[in-house]
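Subject: Structure handover

Hello,

Here is the structure I promised to pass on to you. My notes on what turned up in it follow below.

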Amino acid sequence: MEEKPLTHLLLETSNEAACLMDPSGLVLALNSRAEQMTGFKEGELIGRPFPGKPKAAMGNAKEAPLAWLVAPARQWFDMRIKRKDEKEIDASCEIYRLGTKSLAGILLKLRTEGAEGAALEDMKIKLQAIFGGMADGFVVIDEFGKIEFFSTGAEKLFGYGAEEVMGANVKLLMPSPYKDEHDGYLAAYRETGVRKIIGSGREVSGRRKDGVVFPMYLSVGEIWLEGRRHFVGVTHDLTKTKRAESRLWMLTAAIEQSPVAVMISDTHGVIEYVNDYFAKLTGYSEAEVIGQNPRILHSAGTPRDQHQRLWRTIEAGAEWRGEIQDQRKDGALYWAYEIIAPLRDEEGQIRHYLAIQQDVTEQRRDKEALAESEERFRKVAEMVGEWLWEQDADGRYTYSSDAVRDILGLEPEEILGKCYLDLLQDDANPAAPRQPTPPTPFRRIVNCYRRQDGRRVFTESSGAPILNGKGRLVKWRGVDRDITERMEYEDALRVRNRAMEAVHVGIVICDARVEGNPNIYVNPALAEMTGYTQDELLQGGGMRLLQGPGTDPAAIAKIRQALQTGRGCEVTLRNYRKNGEAFWNELLISPVPDEAGEITHYIGVQTDVTEKRRAEESRRDLEIAKQIQLSLLPDKPLRLPNAEIAGICLPATHVGGDYFDFFESGENVDFVVADVSGHSVGAALIMTEVRSMVRAQSRRPASAHPAHMLRELNELLYEDLDRSELFITMFFCRYESTTRRLKYASAGHNPGLLLRSGQQNCMELDSDGLVLGAKRMVDFEERSVLLSQGDKLLFYTDGVIEAQDSSGDFFGTERLCRRFSANRRFAPEVIAQKLLREVKDFCAPSAMGDDAALVVLEVR
C-alpha cells in the first residue's frame with residue numbers, strides 16, 4: 001500500500017474539509033472530506049486551481065488565486081464551489097496563510113452551509129432550557145459582535161424582545177464610550193488574541209431600550225462551535241445594589257455629621273453607638289460611653305419619675321419627646337430637647353433605642369429672662385389700635401394684638417406659630433426675609449399680606465431685634481400699619497407709567513383741544529424707533545417730522561380726516577427716521593373722550609413693520625422659486641411597454657436640494673436621483689444647473705455608461721460646487737428596455753433597493769464613487785444587473801432614511817425595505833406616495849427635517 005505523505009495525514013486529522021494550495025493558488029493536497037464536497041479525487045485537482053471562489057469580490061482581484069491572497073485571514077466568508085458533476089454548491093471558507101508573506105502556501109478550511117447554523121440552533125435550545133428562567137441576562141454573540149442568543153432574563157434587563165436584537169450588533173446594549181470601542185476591541189482580539197475582559201468580569205454600564213443607562217456586572221467567556229468562535233456574556237443588574245450602597249453612605253454621613261447628638265442603645269439601655277456631636281455636647285469620648293448606661297448623664301435637676309415615665313413609654317413601643325436636664329462630664333448642667341424612639345427589626349421586634357438630643361440651654365435662659373418684659377408688652381398692645389406683634393428668631397409669630405383681625409381677617413391665635421413669610425402675598429414681596437442680617441432695627445418697610453378672604457393688604461412695618469446678654473438674637477418686636485388704600489392708588493399710577501415706558505412700540509399722546517393737536521407725551525420706544533429725542537418730538541410740528549417724499553398722501557389725508565372727525569383709524573405708511581432712513585410705520589390712532597363724551601386726546605400706537613414687510617415679500621419670492629423648482633421635475637410617470645417609472649420630491653423648506661429626473665434616450669430610459677447639500681436657494685440653483693447638464697450629457701454617446709456620465713458631470717460642476725462650498729450625491733441609471741439590463745453608478749449616494757418578483761427582502765444596489773464636487777478628477781465604478789418581469793426598484797435620498805421620530809429614532813433603511821415590500825402590489829406612483837406619507841407620519845407631530853425624494857421603477 002502506498003504510504004500517504006505527512007501533509008495528507010495532517011489534513012485527514014481535521015474534522016472539516018481541508019485543502020492545501022501553493023502561493024499561486026494551485027492545489028497541493030486535500031483530505032477525504034474535501035473530496036466528498038467537490039466530487040474530485042485528490043489526484044484530479046493536484047496542480048490545478050481549487051474549483052471554487054469567494055462570492056464577494058476581494059478588492060480588485062478577479063481571478064481566484066489572487067482572491068485567496070487578498071481575502072481576510074482566519075475569518076469565515078461565503079464561497080461558491082463547482083463540483084465535478086457541474087453542480088454548484090454554497091460553502092463557507094476560512095483561510096490560513098502559511099509562512100512569511102504566504103510563501104509556504106495557503107490552507108483552506110471548508111464547510112457546507114447549514115452545518116454551523118444547525119449546531120448554533122441546537123446550542124440556543126439548550127441555553128434557553130438552562131438559562132431561560134434566570135433573572136440574570138445571558139447573551140451569545142459571534143466574533144464580530146452580532147447577537148445570536150438573547151435569554152428571557154436579558155429581555156427583562158434590557159427591555160428588548162429577542163426578535164428585536166437577533167442579528168444586531170451587541171453595541172445596541174451599550175452606552176458610550178463602550179459602544180464606540182467595542183468593534184475595535186473585537187477586531188484587536190481576533191488579530192492579536194490579547195484579552196481585556198474575556199475570561200473575567202467587571203462592573204460596566206448597560207443601555208436599555210428606553211435609553212436609560214444602568215450599572216451592571218458583566219462576565220464574558222469564549223466558546224468554539226463547529227470551528228467558529230462565539231462569546232458568552234452573563235449580565236447582572238447592579239441598580240438596586242448601587243442604590244442601597246448610596247443610601248447607606250448617605251444615612252451614615254447624615255448621622256455622623258448631624259448637628260444634634262445621636263445615641264443608640266440596646267433594649268437594656270447599654271450604649272452601643274454615639275456620634276461626634278454627642279461627644280462635643282456631653283464632653284465624654286466615644287470610648288468612655290460605649291457599654292455604659294445613659295444614667296451617667298443624669299442630673300439632680302431632673303425628677304426621678306420623669307425617667308420612669310420615659311422608660312415606660314419607649315418599652316411600650318411609643319416615642320418619647322420632652323425637655324430634660326443632663327450633666328456634662330465636667331459637671332456643667334445643660335438643657336436638651338430629647339426624642340427617644342424604638343428601633344424595630346423586620347418582624348417588628350424592638351432591638352434598639354435611638355435617642356436624639358438638641359441643646360436648648362440658651363433658649364431656656366432667654367425665655368426666662370424675657371418673661372417679665374413680655375407681660376408688660378402685652379398690656380400696652382391691648383390699648384393700641386395698630387397691629388403689634390412678636391416673632392422668634394426664625395420669624396414665627398409668638399404674639400399678635402387684636403388689630404390683626406381688622407388687617408388680615410385672622411384671629412390672633414390663628415397666626416401663632418406661623419412664619420411671617422407664610423402670610424405674605426407671594427407675587428408681591430421679595431423672596432428674601434425682611435429682617436436684616438445682622439439684626440438691626442428697620443423702619444417703614446412696605447409689606448403685602450394676603451387676607452383671609454384673598455384680598456391683598458399693604459402695611460408699613462417697623463421693628464427691632466431683641467438680643468440676649470451675649471448679643472444673640474432672641475426675637476423680633478414690631479408694628480404694622482394698614483396703607484392699602486394709599487398703595488393701590490400709587491400702584492395703579494406706577495403701573496400705567498411703567499407700561500407706557502416699557503412697551504416696545506411707539507406711543508404718542510396729543511391734545512385734541514389745542515389747534516394743531518400738539519404732542520404732550522412720547523415714550524422712549526418711539527424716540528428709539530425714529531431717531532429723534534423725546535424733546536424733539538414734543539416740540540412744534542408733531543409727527544409731521546416723520547413724513548418725507550415717499551409718504552403716501554392718501555394715508556396722510558386719512559389721518560387728517562380721522563383727527564377732524566374724532567374717529568380712530570389704522571394706516572401703514574412710509575416714514576423717515578432722523579438720519580433719513582425710510583421705514584414702514586403701522587399707525588393706530590384712537591380717540592380718548594372725557595366723562596361727557598368730548599374728545600380730549602388722541603393716542604397713537606406706532607410699530608416699525610419694515611422687517612415684517614420684507615419677510616412677506618421674501619416669502620412670496622420663495623414660494624415662486626418653489627413652484628419653478630417643482631415644475632422642473634417630471635409631472636407624471638413614464639410608462640413604457642415593459643417598464644413604468646414614477647417619482648416624488650418634497651422640499652424641507654420652500655426650496656431644497658433634492659432632485660430626480662427620468663427620460664427616454666432612444667430605446668433606453670435614463671433616470672437619476674441626487675441630493676445637493678443644504679436647503680437654500682443656492683442649493684436649488686445648483687440642482688437646476690445639474691438637471692440641465694444631465695439632460696444635455698445624456699444625448700452624448702458616453703452617456704451609455706453611467707460611470708462616464710458621472711465623471712463628465714463632476715468635471716463640469718467642480719468649479720461651481722467648489723466656489724459655493726456645496727457637494728452633490730447622485731445615483732445614475734440606464735435601463736435598456738430590449739435586454740432588461742440596468743446599468744448604474746453612484747457618486748456617494750444611498751444604494752438603490754431591488755425587490756425581486758416573489759421575494760420579500762430587498763437587495764442593495766451600490767457602487768464605489770466619491771461625491772460630486774470633492775475632487776476634479778474622479779473615476780466611478782459601474783455595475784449592472786439583469787432584471788425580470790415583476791421586479792421593482794426604489795431609489796431615494798437620505799432625507800427618507802434619516803427622518804427621525806419624537807424619540808430620536810431614525811426611519812432607517814431596514815424599515816424602508818419592509819415598507820417597500822409591503823406596498824409592492826401598487827403601481828410605482830402609488831408606492832412612492834405611500835412611502836413618503838409613511839415617512840411623514842413617522843416624524844409626526846414634527847415636520848421632516850430634510851428634503852426627501854423617491855423614484856420607483858417596475859419591470860413589466
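**The largest pocket**

The largest pocket has a volume of about 800 Å³. This is a predicted model, in which local features need pLDDT of at least 70 and side-chain atom pairs count only at pLDDT 80 or more, while totals for chains, interfaces and linings use all residues. Residues are numbered from 1 along each chain as its sequence is written, and side-chain values use heavy atoms, with hydrogens and water left out.

A pocket here is an open set of points on a 1 Å grid over the protein atoms alone, where a 1.4 Å probe fits and protein lies on both sides within 12 Å along at least five of seven lines; lining residues have an atom within 4 Å of a point. The volume is the space filled by probe spheres set on the points, with grid points joined across faces, edges and corners.

Which residues lie nearest the centre of the largest pocket? They are Tyr 160, Leu 172, Asp 809, Phe 810 and Arg 815, out of 22 lining residues. Two helices, α7 (162–165) and α25 (812–822), each supply at least two residues of that lining, and α25 gives the largest share, with four. (Helices are DSSP runs of H or I with at least four residues, strands are runs of E with at least two, and both are numbered from the N terminus.) By type, the lining has seven nonpolar, five polar and ten charged residues; Ala, Val, Leu, Ile, Met, Phe, Trp, Tyr, Cys and Pro count as nonpolar, Asp, Glu, Lys and Arg as charged, and the others, Gly among them, as polar.

**Two open sheets**

Six strands form an open, antiparallel sheet in the order β2-β1-β6-β5-β4-β3. (Two strands pair if DSSP finds at least two bridges between them.) Its edge strands, β2 (27–30) and β3 (52–54), each pair on one side only. Within this sheet, β4 (residues 77–82) and β5 (residues 88–98) are joined by six bridges, and Arg 80 has Asp 90 in β5 as its bridge partner.

Another open sheet has five strands in the order β29-β30-β31-β32-β35, again with antiparallel pairing. Here the edges are β29 (658–665) and β35 (782–786), each pairing on one side only. Strand β32 (residues 741–747) pairs with β35 over five bridges, and Tyr 744 stands opposite Arg 783 in β35.

**Cysteines**

With a disulfide taken as a pair of cysteine sulfur atoms within 2.5 Å, the count is zero.

Best wishes
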